[in-house]
Amino acid sequence: MLELDKLSIHIAHEMLIKKEVSSEELTKAFLERIEDVDEKTKAYVTLNGDKALEESREIDKSGDIKEYLAGIPLAVKDNICTKDLRTTCSSKMLENFVPPYDATVIAKLKDKNAIVLGKTNMDEFALGSSTENSYFFTSKNPWNLERVPGSSASAAAVAASEALYALDSDTGGALRQSASFCGVVGLKPTYGRVSRFGLAATASSMDTVGPIAKNVKDCAIVLNAISGIDSFDPTSSDAVVPDFLKSLESKPEGAKIGIPKEFFGDEVAEDVKSAVINAAKTFENLGYVCEEISLPHAEYALWAYLAIVAAEASSELGIYDGIRYGYRAQNYEDLKDLYKKSRGEAFGLEAKWHIILGTYLSDDKYYDKYYLKAQKIRTLIKQDFVAAFEKYDFLITPTTPTTAFKIGEYAGDSMSMYANVMCTAPVNLAGLPAISVPCGFAQDMPIGLQIIGKAFDEAGILQLAYTFEENTDYHRKQIVWKEA
Amino acid sequence: MDKDTLERMADIAHLHLETREIEQILHDLGPLLKQFDKLNQADTEGIATTVYPINDKNVLREDEVWESLPIQEVLKNAPDRDNRFFRVPRIIEE
């Protein structure tokens with residue numbers, strides 16, 4: 001009997017190599033787990049069961065399992081295109097959309113014989129913090145089914161062992177916030193490190209694809225597989241891709257850690273603050289210098305982020321017109337009416353107010369006052385980080401101001417919910433890499449520590465996160481299922 | 001934002017809104033736009049804008065012919081089609 005809760009990518013890989021388990025057995029075990037617990041977590045929108053099993057048998061037959069991810073099943077957030085597997089962005093608009101191609105990240109994983117188990121739920125077009133904006137249903141946090149799993153249910157899937165790891169996306173923090181809420185590890189790479197080709201855009205100057213896994217080492221393995229320049233994504237970077245797994249063999253010797261005080265304001269719960277302060281003490285005990293610093297423009301970050309995300313999302317969502325793919329209204333008078341009704345009937349309220357707000361902010365009359373101003377503040381925020389990284393190697397903050405909140409807690413008040421990304425969104429504005437690792441619990445709900453690094457220093461944040469993980473036990477705590 | 005402005009924005013964005021949605025969005029965006037005024041407290045004199053955070057440069061490639069995705073596969077997702085074409089309402093008067 002496979003103990004899925006204790007499995008990780010590197011352990012499963014060794015078992016496959018030693019023939020202690022086959023890819024088919026592994027895949028079957030995860031599909032059975034999904035069968036058992038997904039009615040509780042509701043993490044998956046679409047399953048790929050038969051196809052996944054078929055692929056696992058082929059991999060077993062070929063014996064082609066040398067690569068780390070070969071024969072190992074993953075979950076994929078439903079805004080990442082998977083060839084011949086429905087990709088909905090949890091929207092009525094794309095309810096029946098079946099991509100004719102794979103996103104670059106998926107193509108790279110398939111090249112390594114990875115097995116896609118299915119597609120996970122999310123807020124419609126990644127707008128929100130709780131999956132409550134999904135057209136289909138609200139997913140649940142496996143640590144407490146009355147609570148939200150974050151903006152993306154793939155962290156819940158990994159936490160509940162419904163997949164060994166996941167590919168997720170992060171525009172203002174979804175990947176890290178969900179990892180933090182569900183007590184798993186999530187890495188948002190530097191903007192440009194991983195191709196966005198085939199990721200349905202929410203805000204293309206901030207969208208990033210990255211891994212969610214049970215531990216730091218697994219994140220390094222997945223990042224190795226998906227990084228690198230892609231001719232299909234002109235914003236992808238030609239920066240040298242180091243071996244992230246190998247980088248874990250050394251420690252970030254003599255590293256200096258900054259703790260930005262603006263990320264510890266009144267919005268942040270006391271137990272979250274103290275867990276992060278305790279993490280700083282752990283680092284100090286290991287000989288690292290930790291000092292309080294200031295990122296003076298952080299107070300504007302949330303509003304600058306919201307202005308930019310709304311303006312970009314309103315533009316990105318313009319491609320959904322009811323003509324080429326996606327939903328088309330049944331009754332309309334002319335072409336313009338077809339556009340309006342198709343979009344009006346298929347987008348949810350959250351997408352709609354983002355479109356209205358974004359259109360307003362990019363309007364001639366208000367462009368300078370809000371949007372241009374937000375882009376200038378973005379420069380100031382980026383400069384704050386650059387200045388901090390002249391003195392420090394890493395910054396640590398809470399990943400989210402609170403642990404996972406209750407389903408319905410912010411009903412009808414999506415603006416307040418936005419404060420949830422106060423610690424993560426500044427990192428997207430600056431395009432930097434950051435990782436969330438479990439650093440404590442409050443009322444049995446996981447707390448996440450965010451480690452922010454210099455541009456393209458994923459190896460550094462992985463090293464520091466790994467050092468933290470080796471000296472703490474938070475990532476080992478097992479879920480005690482609590483019924484809603 | 002008043003109702004007329006919101007309706008103008010919805011028209012620009014080609015987005016049909018029901019009356020209750022208009023009311024809800026007006027109700028939500030009002031306080032939000034007040035918060036946005038906070039942005040104007042930041043001193044941005046002489047500061048350039050940031051559009052892309054990292055690789056802010058143009059990328060060019062050779063203009064080469066390559067194989068496209070199979071047209072029939074791509075068109076499978078079209079809500080209404082006729083052979084190789086998307087079917088749309090008449091846009092030119094007779």
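Predicted model: local features only at pLDDT ≥ 70, side-chain atom pairs only at ≥ 80, totals over all residues.
Trainee: In which order do the eleven strands of the open sheet of chain A run?

Mentor: The pairing in this open sheet is mixed. Its edge strands are E1 (44-47) and E8 (289-293) of chain A, each of which pairs on one side only. Neighbouring strands are turned against each other by 30° on average, direction ignored. The order is E1-E3-E2-E4-E6-E5-E10-E11-E9-E7-E8.

Trainee: Which residue of E11(A) is the bridge partner of Phe441(A)?

Mentor: Strand E10 (residues 434-442) and strand E11 (residues 445-453) of chain A pair in the antiparallel sense, over eight bridges. In E11(A), the partner of Phe441(A) is Pro446(A).

Trainee: At about what angle to E10(A) does H9(A) run?

Mentor: Helix H16 (residues 458-470) of chain A packs on the sheet, touching E5 (185-188), E9, E10 and E11 of chain A, and its direction makes about 20° with that of E10(A). H9(A) lies across E7 (256-260), E8, E9 (394-398), E10 and E11 of chain A. The angle between H9(A) and E10(A) is about 115°.

Trainee: Which element gives the largest share of the side of chain B that touches chain A?

Mentor: In the contact between the chains, 47 residues of chain B meet 57 residues of chain A. The elements that give two or more residues to the chain B side are H1 (3-12), H2 and H3 (71-75) of chain B. By class, that side has 30 nonpolar, ten polar and seven charged residues. The largest share, nine residues, comes from H2(B).

Trainee: How many residues in the contact of H12(A) with H2(B) are nonpolar?

Mentor: Helix H12 (residues 349-361) of chain A and helix H2 (residues 19-36) of chain B pack at about 65°, with axes 11 Å apart, and the crossing is right-handed. H12(A) contributes Leu349(A), Lys352(A), Trp353(A), Ile356(A) and Leu357(A), while H2(B) contributes Glu21(B), Gln24(B), Ile25(B), Asp28(B) and Leu29(B). One residue of the contact is polar and three are charged. The number of nonpolar residues is six.

Methods: Residues numbered from 1 in each chain as written. Chains lettered and ligands numbered in written order. Axes fitted to C-alpha atoms, helices over the stretch in contact; angles between N-to-C directions. Helix = DSSP H or I, 4+ residues; strand = E, 2+ residues; numbered from the N terminus. Left-handed = near helix turned anticlockwise from the far one by under 90°. Contact = placed C-beta atoms within 7 Å. Nonpolar A, V, L, I, M, F, W, Y, C, P; charged D, E, K, R; others polar. Pairing = 2+ DSSP bridges.
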